[in-house]
Structure formats: C-alpha cells, structure tokens
Amino acid sequence: MSELANLPSSYFNINSDADLIQSLTSTELIKKTINDKIGTYQRMDVKETMLHLKFTSELLRIAFAGSYGFASNKPIALILSKYQTLIAETSKESGNFLRNSYKAIVLHKKALEVYSKNVQFAIKLLAGTSQMAAAMSLACNSLIELSTELCKAAEDAFTQASSDLTLTDQEKKNIEKIKNEVAAEKSAFEKNVSTFSRLADEKKKLAQGARDQAKKQADAEFGAMLAKEIIGGLMQITQIFKPNQSPTPQSSNPRSAQTANPQAAPSNAQPNNVNQVEISKLKTELEENQKLLNQIIEKQKNGVLNENEISKKSDLEQRVKDIPNKIEQLSKVIPASTGGNTTSQKPTSYIDLELEYHREQMRMEEQLADNVSKLAASTTKLAGLTTQENNLSDSVEALGLAMSSMAIVKTILTKIKVFWDQVKAQCDELSDISKLVMSSEFDSDFFKEAIIENGLNWVAFGKINYDASYYIAQVLNSANNAMCSIPKDKAEAKQIVQEGKSRITVISSQMLKNDDFKAIKN
C-alpha cells in the first residue's frame, strides 16, 4: 500500500480555485505527487505556453503591417481573425474543464465515503467523471482542429511572404538598374547643357565682335563717302570761280553736274543710311528677344514652364530666327565700299560674319534648350525611381519582418496544438475507469487506493486547466487590441514595422530561452 492510501476523503473537498491552491501544498508528498502527474501529462510549461500567445498577438500585428499591400497580407489577416477565435475558445474551454475538474474531484470524495458500504454506487459516481472526461475529449478535438488549421495558415502565410519578398527584391534590383541608366543619361544631359551654354556664349561674343567691326566699317565708309562728296563739291566751286573762265552751262547747274558725273555722288547714298538704321533697330530687337529667351531657358533648367511661358518661348524662338533673315535681306543693298557694286556676289564681310555667328549661337541655344528639357525630365524620373527604390527597400525589410514573425507564430501555435493533444489524451485516460471497476473486484483497500490515485489525476488535470485559464485571460485583451490596432494605411503600417524591429528581437530572445520552443522550432 502506498503512502497516499490513507489520504482522507476530506482532501478531495475542492470546490474553488482557493481550495485547489491549498490542496496542492498540503504536504510535500502531495506537492511532489501532483507535480509528477502534471509532468506526465504536460511536457511543456502551461504558463509559458499561454503567455507566448500574448507574443503572437503582437507578432501577427507586425506581420500584418509588414505584408501591407502584398498578397501575403490576406492570409495573415485571416490568421488574425481565427487567432482571436482560438484564444476565446481556449479561455472558454479551459474554464469549463477547470469547473468539471472540481465536480469530478468532489465525486471522488463521495466515492471514498461510500465505497466500503456500496461499491456499485461508488462505481456509478466514478462513471459520472468518465462521462465528463469523454465530453471534454470531444471539446479538445475542435481546439486541436483549429490549432492545426492555424499552423497550416501560418505556414502558407510564411511561404507567400517569402514569395512576395523574392518578387519585391527582384523588382528592387530592376529599379536599381533603371535608376543607374537614368543617372547616366542625366549626367550626359548636364554635360551637354554646360557645353552648349558655353558655346552659345562664345558665339554671342563673336557675333557682338563682328557687329562692332561692321559698325566701324560702316562708319568709315560713310566718312569716306562724305569726304568725297565734300571734295567733289569744293572742286566744282573751284572750277566756277577760276580767273578768266566763264562757267559752263553744265557747271552752273549742280543737278546737271551730277548727271554728267555719276561717280561724284552715289545715287544710293540715302537708301544705304536708311537700311543701316533699320538693321541697327533689328539688331537691338534681336538682342532684347534673345535676352528674354535666355531668361525663359534659364527658368526651364530649374523647373517646368507654365502654358504662357511655353507659348512665349515659342514666339521668341521664331522671332530670333526671323530677324537675322531680315538683316540679311537689308544688308544686300549696302555695298562693301562707296564705289562698290551692289550686285557683287560677296556681301559686306563683317555683317555676314555677325549673321553666321548668330545662326551658330541659335543652333547652340536650340541644343541647349533641348538638353535642358531632357535634363528636367530625367531629374524628375530619377527622383521618382529613388522614391520607388526606397519604398521597395522598406517593403523588403517589412516582408522579412513579417516572415520572422510568422515563423515564431507557427511555433507558438504548434505548442498550443500539442497542449490540447495532451489534454485530450488525459481526458481519454480519465474517461477509462475499467481499472477502477476491476480493482473493485479485489479487496476494499485496493479499491480505495485506486480511487485516491484517480482523484489525484483529476487534481493534476484541474491544476493544468487552472493555469491555462488564469494565463489565457491575460492574453485576451492583447488579442483584441491586436485586431483593433491593425494599420489602416501604408503610413501606419510603416510606423508599426519600425517599432516592430526592436520588439521582434526581444521576443525571439525570450522565446529561445525555453528548451521546448527550441526543440519544436528545430
């Protein structure tokens, strides 16, 4: 006979949590016996297993945020929903099992009180505990099924997050490649802008130099023409007032003199002066238009032009192209010298040179404007690619966090499944009273000892469910909060991911301290 054979029936008068806690520490022998029985049925720490579910709430929230906008977000959202159900059902059933334990323990007390007088009634009382255990075994099945379903869902979510990560990482690499190509184009456009800007300035200076030379040439030719006119006039006056010589009819009429001597005063002197003034006006207008056009081009380098500025730029470009043609037409009637031939194939050299430089300046500025436009476009595109690349980098990091979270979640859910598997096994054992019935066929002391042994099994079962019920209550709020605080947009998701980086490290560290966790994870 064991040392516990003389345990009084009053020990099993357990009707509440306080009674249970007191009974567990009544003697060192009882304490050791109950702990040994708990270890037989549950190889993991019930308290730790239940509190790990609190981590699951936080990890699922991080995983949901990390997968926001990706295909893996949907299965994770489904897990969050079903996870709430698992927590609620675990809380409900562990509470039910605890209350059933108290009922079964009290039935063992009554069986101990009547077994010596009425064995069959004692067996009937114990059969009641068997029915309760069988009903709890069935209840375990639904929790095992839900845990299994969640484990599978966690595995699928992990796989989908991994696929999302692979695709996102590849997309990021593609963006990096395009970004490098656009950066190279931008660099080339910047170089072209600098080159064409410099060449345009050089041509502008050359054109101005040619203009100054043309003005000097025109002033010199006009001076020579004026001097010739004056000398010709003086010579005519001298002829008129020579001694002993009467003026001829021709010399007495200046208009006739001009007709007789066409070289004395060119007939196109007045038109030349008029054209020179017009050319000067056109050049001034050209400079003003060019200045306005340069201002718009400079503005285009720093941003996008509005519709009015684009229209004005187009008008100025057309004017700057047309004015040189007008100058060229006017310059054709101006001779290279006062005695030159207006139909010569070689027009005034400096005017031609100025026009040629100006045309080259225009070509440079057209190239400049084109490259400025391309540079602005490539700058905008590069900025967009950089933003896209940063977003993808954040997504890669977030998805990695989601994968880590789901890996831990799957491990915790696996532990919960194991817990309910073991509870079911204990229920099945408690529901089998065949040994009790068989022991009743022997002497009464043997039957009493069997009742006490089975009663202590129910006490151990009650302690397991007491711990599960007590600690799962602390998880309920975290599960509800996790569901209520999932991100509603990308900004909230990003913030949760940033906060989750440090939290997941802490959680992983705490989890890995437990040997059961490491065994299951491996």
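1. A residue counts as exposed when its relative accessible area is over 50%, and as buried when that area is under 20%. Glycine 69 has a relative accessible area of 70% and is therefore exposed. The model discussed in this note is a predicted one.

2. Glycine 69 belongs to the loop that joins H3 and H4.

3. As to overall composition, the protein chain contains 13 helices and zero strands. Read from the N terminus, its elements run α-α-α-α-α-α-α-α-α-α-α-α-α. The chain has 522 residues, of which 40% count as buried. Among its contacts between residues at least 6 apart in sequence, 87% join residues at least 24 apart.

4. The largest nonpolar core comprises 91 residues, and the members touching the most other members are Phe12, Met50, Leu53, Met406, Trp420, Leu456 and Val459. Two or more residues come from each of helices H1 (17-24), H2 (28-41), H3 (46-66), H4 (73-114), H5 (119-240), H9 (349-431), H11 (444-484) and H12 (490-511). The largest contribution to this core is that of H5, which gives 17 residues. Another core of 22 residues lies apart from it, with Phe196, Ala200, Ile327 and Ala369 among its members.

5. When neighbours within four places in sequence are left aside, the residues in contact with methionine 406 are Leu60, Ala63, Ile76, Ile79, Ala154, Ala157 and Phe158.

6. The packing of H3 against H11 has an angle of about 10°, and the two axes are 8 Å apart. Because angles under 35 degrees count as roughly parallel, H3 is roughly parallel to H11. On the H3 side, the residues that meet H11 are Val46, Lys47, Met50, Leu51, Leu53, Lys54, Ser57 and Arg61. Their counterparts in H11 are Ile464, Asp467, Ala468, Tyr471, Ile472, Gln474, Val475, Ser478, Ala479 and Ala482. By class, this contact of H3 with H11 has eleven nonpolar, three polar and four charged residues.

7. H1 also packs on H11, at an angle of about 120° and with axes 11 Å apart. That angle makes H1 oblique to H11. The crossing of H1 past H11 is left-handed. H1 contributes Asp17, Leu20, Ile21, Ser23 and Leu24 to the contact, and H11 contributes Val459, Gly462, Lys463 and Tyr466. By class, the contact of H1 with H11 has five nonpolar, two polar and two charged residues.

8. With neighbours within four places in sequence set aside, asparagine 100 is in contact with Met132, Met136 and Trp458.

9. Serine 130 is placed in helix H5. Its relative accessibility of 13% means that serine 130 counts as buried. Not counting residues up to four places away in sequence, serine 130 touches Leu430, Ser431, Asp432 and Ile433.

Note on methods. Residues numbered from 1 in each chain as written. Predicted model: local features only at pLDDT ≥ 70, side-chain atom pairs only at ≥ 80, totals over all residues. Heavy atoms only, no water. Core = buried A, V, L, I, M, F, W, Y, C linked by side-chain atoms within 4.5 Å. Buried < 20%, exposed > 50% of the residue type's maximum accessible area, 1.4 Å probe, protein only. Helix = DSSP H or I, 4+ residues; strand = E, 2+ residues; numbered from the N terminus. Contact = heavy atoms within 4.5 Å. Axes fitted to C-alpha atoms, helices over the stretch in contact; angles between N-to-C directions. Parallel < 35°, antiparallel > 145°, perpendicular 65-115°, else oblique. Left-handed = near helix turned anticlockwise from the far one by under 90°. Nonpolar A, V, L, I, M, F, W, Y, C, P; charged D, E, K, R; others polar.
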